[in-house]
Amino acid sequence: MMNPIIIVATLWKAAGSLKLSVALCFLTALDAALAYPLIKDSTAFAPLGDVDLINWLLTYGRFNLKSTAWFFVLLILLTLLSINTFVCSIQRVIFLFRRNKISLSFFLKLGPHITHFAVLIILTGYLGTYLFCASLPGRALTPGGPPLKVNRIKGQIKAEIFEPLYYEGDRLDFFQGRLLDPGIYLTFIDQNGSQCKQKIAYGQPAIFNGWHVYLSDFYPKDKSGGMGSKTVNITLRRDPAAFVYLTGLALFVIGLGLYTADFFYKKTSKKDG
Amino acid sequence: MKSIVISAFAGLIFLLLLPRCGQNESASATRPEITDEAVNPEVKEDSAEAGFLNLGEFTLIKKEGYMLARDGAGRTLAVIPRGAPHPPGFEPTMVVEIPLRRVAVYSWFDVAIINALGRADTIVAVTTPEDGWHVDYIKRGFQEGRIAFLGDPGAIDYETVKTSNLDLIMTWDPSIVPMMDQLGLPVLVTATPIATCLSTQIRFVEFLAPFFGEEQKAKDFYQKVKLSLEQIRAKTKGLKKPKAMWGDIYEKRVLVEPGNAWVAELIGLAQSDYLFDDVYGTSCIEISVERFLYSGRDADLYFTYRTAGESKMYSKEALLRINPLLEGVKPLTPAGKAFAPLPHYSQSADHLDELLTEIAAILHPDAYQGYRLKYFLELPDKDQQSPNTQS
């Protein structure tokens with residue numbers, strides 16, 4: 001009977017293999033490439049940000065396999081790639097500790113490994129988001145209309161009047177009168193009645209009581225559109241895992257900085273010596 | 001190792017190119033996949049049996065003792081039997097008690113689908129005045145005082161909403177939600193930001209059915225429409241493909257049906273080419289006038305949005321008078337054919353099988369010899385009398 005320590009050691013070595021990394025990267029790219037034509041006409045992914053991942057996999061994912069199978073494969077591949085990256089990085093860091101004295105050059109050499117760990121943290125953060133994020137999509141507001149009451153956010157949201165900025169140039173005739181910036185301001189009223197006003201735009205959410213308020217859509221998008229009614233559609237999200245991937249992103253920047261510094265350090269050392 | 005990596009990347013590039021090889025210039029090669037699903041949705045039926053129904057943006061998920069309904073705005077409502085306890089985590093206006101007894105409905109399509117379910121008696125308020133209706137069951141409702149006019153969709157009368165004692169409002173306008181929240185009334189948004197595909201159009205009845213407790217009628221309705229689609233496909237198989245366009249030029253805008261809309265998919269299913277197949281987005285999407293006119297030069301058939309009876313537009317000549325720019329659109333010359341919907345067309349989704357068949361008959365008149373149009377008017381070259389007599 002084989003020694004269990006040898007089995008674990010063999011598995012550990014295989015899990016950190018560089019060949020495995022290349023194969024997994026290739027398969028991940030292949031899977032993503034094959035997914036492109038499949039997701040083009042699919043609406044199955046629309047609720048992915050609103051429903052938790054497990055429920056999505058059991059419903060939308062399971063019953064739309066023609067367009068979602070690649071996503072199941074992607075999850076498996078990303079899991080394997082994460083394990084491979086983790087093991088590989090640990091192996092390399094142990095090797096560095098064994099072979100180097102603690103010095104500036106040693107710290108600089110840690111750069112690539114820090115970026116790898118950062119990627120793992122980012123992936124974990126996104127997984128956490130898809131598993132635990134609370135989302136309230138499709139909430140509509142009329143500027144100047146009644147406030148939106150949502151018990152879960154412990155307050156009310158009111159849309160202020162649009163302060164739109166239209167395209168008035170003459171170089172692009174087709175865009176005449178199109179909205180460049182909706183200039184949407186929301187007023188948040190908490191349970192004590194205190195108010196705060198914040199601007200929202202695509203990619204510029206407002207923050208209220210720990211919830212992020214995203215602009216999903218708005219009407220009208222041009223001077224002549226909207227059939228007289230003005231609407232702002234928002235999505236409310238509370239993401240407990242956001243700090244995880246933000247930490248990962250910060251770590252990635254640090255790792256990248258060390259990697260760049262190592263490059264210049266080596267160049268300078270070569271020149272000097 | 002190096003050769004493995006090179007071979008792998010070569011393989012990847014080959015696979016990336018592979019899906020594009022089968023596409024022709026109008027991208028209609030992607031069509032059969034969508035339409036097959038519309039006609040043969042066995043997979044979807046399996047999911048319905050498992051308590052999950054997903055139609056485009058709309059979803060129903062069966063839970064223990066209640067259902068979750070995701071509407072066109074992405075809001076999730078709890079649908080519970082009357083008198084059952086409210087599931088936790090849902091605000092009172094996000095809970096709908098079924099079967100519905102009194103509903104207000106904005107969309108003509110929804111009204112017709114409710115009629116297809118045999119529950120037009122539950123409609124007690126609409127946003128089209130009595131003289132805007134061309135279907136008897138709603139006209140009768142007005143005459144009997146059973147149905148009230150809520151006011152224009154942009155300015156509904158909240159007093160009427162309050163006094164109508166409603167169970168639910170079905171609307172395409174999510175901006176009414178905050179006001180309805182204040183009135184304590186649940187809202188179901190039945191429109192989506194992206195145009196409805198053919199599969200969703202013919203199966204939407206299954207989404208609404210549980211709200212009225214009429215699942216069997218929904219199945220019967222769907223089977224009828226499915227049969228008509230199968231017949232269309234069989235009748236038009238192998239025929240020469242006419243080129244069709246659907247849209248209109250207005251004073252400042254050009255609006256068309258995008259390639260992902262149900263009519264575009266139906267045109268594809270009925271062995272025809274839809275000229276705005278590459279346009280994607282909302283129903284009645286805006287495109288450039290140049291693009292409209294460019295496609296118009298190749299078109300054989302043109303469907304206008306303008307309702308024949310209402311815009312007093314009964315001929316190609318009249319249409320050209322309104323829009324001289326349309327002069328370059330081939331179907332508006334004697335060489336082509338143009339069609340306008342009759343006033344009752346948009347209120348007749350309860351006869352969806354007939355609507356689909358009529359569009360197929362317009363596309364392939366040779367395959368439907370002797371077919372008499374009921375929902376569209378073929379525009380004559382010159383002005384004639386009102387078409388209302390033909391309907």
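1. In this predicted model, strand 3 (residues 66–70) of chain B and strand 4 (residues 76–81) of chain B run antiparallel and are joined by four bridges. Within this pairing, Met67(B) has Val79(B) of strand 4 of chain B standing opposite.

2. These strands belong to an open sheet of chain B, in which five strands follow the order 1-2-3-4-5 and the pairing is mixed. At its edges lie strand 1 (52–55) and strand 5 (95–98) of chain B, each of which pairs on one side only. From one strand to the next, the twist averages 20 degrees. As background, strands of a sheet pair through backbone hydrogen bonds, and they may do so either parallel or antiparallel.

3. Packed on the sheet is helix 8 (residues 198–212) of chain B, which touches strand 1, strand 2 (58–63), strand 3, strand 4 and strand 5 of chain B. The direction of helix 8 of chain B makes about 140 degrees with that of strand 1 of chain B.

4. Helix 8 of chain B also meets helix 4 (residues 108–116) of chain B, the two axes coming within 10 Å and crossing at roughly 70 degrees. Because angles from 65 to 115 degrees count as roughly perpendicular, helix 4 of chain B is described as roughly perpendicular to helix 8 of chain B. On the side of helix 4 of chain B the contact is made by Ile113(B), Ile114(B) and Ala116(B), and on the side of helix 8 of chain B by Phe204(B), Val205(B) and Leu208(B). By class, this contact between helix 4 and helix 8 of chain B has six nonpolar residues, with no polar and no charged ones.

5. Turning to chain A, the domain assignment gives domain 1 (16–133 + 243–272) and domain 2 (136–238). The C-alpha centres of domain 1 of chain A and domain 2 of chain A lie 35 Å apart.

6. On confidence, chain B has a mean pLDDT of 84, and 84% of its residues reach 70 or more. Over residues 12–36 of chain B, however, pLDDT stays under 50, and for this stretch the model has 30 contacts beyond four places in sequence. Residues 39–43 of chain B likewise have pLDDT below 50, with six contacts in the model beyond near neighbours in sequence. Where pLDDT is low, the predicted coordinates should not be read in detail.

7. For the complex, the predictor gives an ipTM of 0.77 and a pTM of 0.82.

Conventions:
Residues are numbered from 1 along each chain as its sequence is written. Chains are lettered from A and ligands numbered from 1 in the order in which they are written. This is a predicted model: local features need pLDDT of at least 70, side-chain atom pairs count only at pLDDT 80 or more; totals for chains, interfaces and linings use all residues. Two strands pair if DSSP finds at least two bridges between them. Helices (H or I, at least four residues) and strands (E, at least two) are DSSP runs, numbered from the N terminus. Axes are lines fitted to C-alpha atoms, for helices over the stretch in contact, and angles run from 0 to 180 degrees between N-to-C directions. Two residues are in contact if their C-beta atoms, placed from the backbone, lie within 7 Å. Domain bounds come from an automatic or database domain assignment. Angles under 35 degrees count as roughly parallel, over 145 as roughly antiparallel, 65 to 115 as roughly perpendicular and the rest as oblique. Ala, Val, Leu, Ile, Met, Phe, Trp, Tyr, Cys and Pro count as nonpolar, Asp, Glu, Lys and Arg as charged, and the others, Gly among them, as polar. pLDDT is the predictor's confidence in each residue, from 0 to 100.
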